[in-house]
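Thanks for coming, everyone. I have one structure to walk through today. Please have a look at it first.

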Amino acid sequence: MKALPVLKRAQPISIACSRRHLSSRESAKAAVSPDPESLLSFHWDTVPPTSKQRRHAEQFFLRQAPKILYSSSTFLNVPKGKVPEVAFLGRSNVGKSSLLNRLTGKNICHTSRNPGRTKTMNFFAVGGEDEEGSPGRLTVLDMPGYGHKSRTEWGEEIMKYLVGRRQLSRAFVLLDTMHGLKRSDEALLQALRENAISHQVILSKVDRLLFPNNRKASKQLLERHAESLQERAGSISTHLDALDVEGPKPLGEILACSTTASLERGHFLGINNLRWSILAATGLHEVRRQPPAVTSTLESLGPKPATGEVSF
């Protein structure tokens, strides 16, 4: 089993400037849409969520506070689970922990400017209890970062989890919007393909591109720099498609997020798009409907005598 490489200084990959376009219909829709979130997601194999679907995803993640389940430095010690799981991976200091704090609405992960702060696989329950009494309907993992100040054993245990965990629905790989793909990122993405692990690329810290020089977030600036963001997402997708690796390619959907910029108080850019993508990956995207009431039908049949047995 291939372990993730440990690189002290990850080198940027030269990516051709070939641009992967959205379909003309999608591009036209994005151009006229008043919803800024449509400018932060790029879909080749999937359909963008509607505003209603994004609200549903937000409610799912925020209806109850997330719970810390457990942490483990080795896959062997990870308890068995019953609910779907998603894992977040990325280079050290790419913003995984900050993103998960925004995703869940609580500061469940320690954040630090010093790389290598996350040293264990950390499991969090999200969405409230399910029908079987599990503490969450979904489990979200914060993984140790790779690259600078990482350790070989971390990469080995991460790959053991990714390959051996049956409940894993998708691995989300974070790339820094400004830095793009590095060799350590490519090594991980190749390993995911070789092992047929469902995965998707997320661009973090998108505010640095959309609102340069710490400028205040605005819809005008977002629209002005949206084309540059689309070019970066398309270039990354084209590069990954061209890799000479057997196995399923990453999902044809790249999302961009920010943990600091928002156009509406409390709604950080791209977070609800990501929430919806997680629900779609785990089969939790459908709104649960209560079964129809049968009281009136039973009552119409008249009262039944009370007994100590129940007939089926």
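Some ground rules. This is a predicted model, so local features need pLDDT of at least 70, side-chain atom pairs count only at pLDDT 80 or more, and totals for chains, interfaces and linings use all residues. Residues are numbered from 1 along each chain as its sequence is written, and side-chain values use heavy atoms, with hydrogens and water left out.

The overview, then. The chain has nine helices and 10 strands. Those are DSSP runs, numbered from the N terminus: helices are H or I with at least four residues, strands are E with at least two. Of the 312 residues, 48% are buried. Buried means under 20% relative accessible area, exposed means over 50%, and partly exposed is in between, with a 1.4 Å probe and protein chains only. The chain exposes about 16,900 Å², and carbon and sulfur atoms supply 49% of that. Those areas come from the Shrake-Rupley method with a 1.4 Å probe; for residues, only the protein chains shown count as cover.

Now contacts, meaning heavy atoms within 4.5 Å. Take contacts between residues at least 6 apart in sequence: 75% of them join residues at least 24 apart.

Next, strand E5, residues 138-142. How many of its five residues are buried? Five of the five. In a regular strand the side chains alternate between the two faces of the sheet. On one side of E5 sit Leu138, Val140 and Asp142, on the other Thr139 and Leu141, and all are buried.

Which strands does E5 pair with? Pairing here needs at least two DSSP bridges between two strands. Strand E3, residues 85-90, runs parallel to E5 and is joined to it by four bridges. Ala87 has Leu141 as its bridge partner in E5. Strand E4, residues 121-126, runs antiparallel to E5, with five bridges. There, Phe124 has Val140 as its partner.

On to the cores. A nonpolar core is a set of buried Ala, Val, Leu, Ile, Met, Phe, Trp, Tyr and Cys residues joined through side-chain atoms within 4.5 Å. The largest has 46 residues, and Tyr161, Leu162, Leu203 and Leu229 touch the most other members. Helix H7, residues 219-241, gives the most to this core, with seven residues. Another core lies apart from it, with 27 residues, including Val86, Val94, Leu138 and Phe172. Back to Leu229. H2 covers residues 51-62, and at 1.5 Å a residue its 12 residues should span 16 Å; its end C-alpha atoms are 16 Å apart, which agrees. The expected span is 1.5 Å times one less than the number of residues. The buried residues of H2 are Arg54, His56, Ala57, Glu58, Phe60 and Phe61. Their cover includes helix H3, E4, E5, strand E10 and helix H8.

H8 also has 12 residues, and reaches 17 Å from its first C-alpha to its last, close to the 16 Å expected. It is mostly covered, with 11 of its 12 residues buried. Among them are Asn272, Arg275 and Trp276. Gly283 follows H8, with a positive phi near 75°.

Positive phi turns up in residues other than glycine too. Ala196 has a phi of about 55°. It sits in the loop between helix H5 and strand E7. Ala196 counts as exposed because its relative accessibility is 54%. Asn214 has a phi near 60°. It is in the loop between helix H6 and H7, and at 81% relative accessibility Asn214 counts as exposed.

What about Lys80, buried or exposed? Exposed, at 83% relative accessibility. Lys80 lies in the loop between strand E2 and E3. It touches Arg165 and Gln167, not counting residues up to four places away in sequence. Lys80 and Gln167 are 87 residues apart along the chain, yet their C-alpha atoms are separated by 9.0 Å.

Last, the cysteines. Cys109 counts as buried, at 8% relative accessibility. Cys257 is buried as well, with a relative accessible area of 1%.
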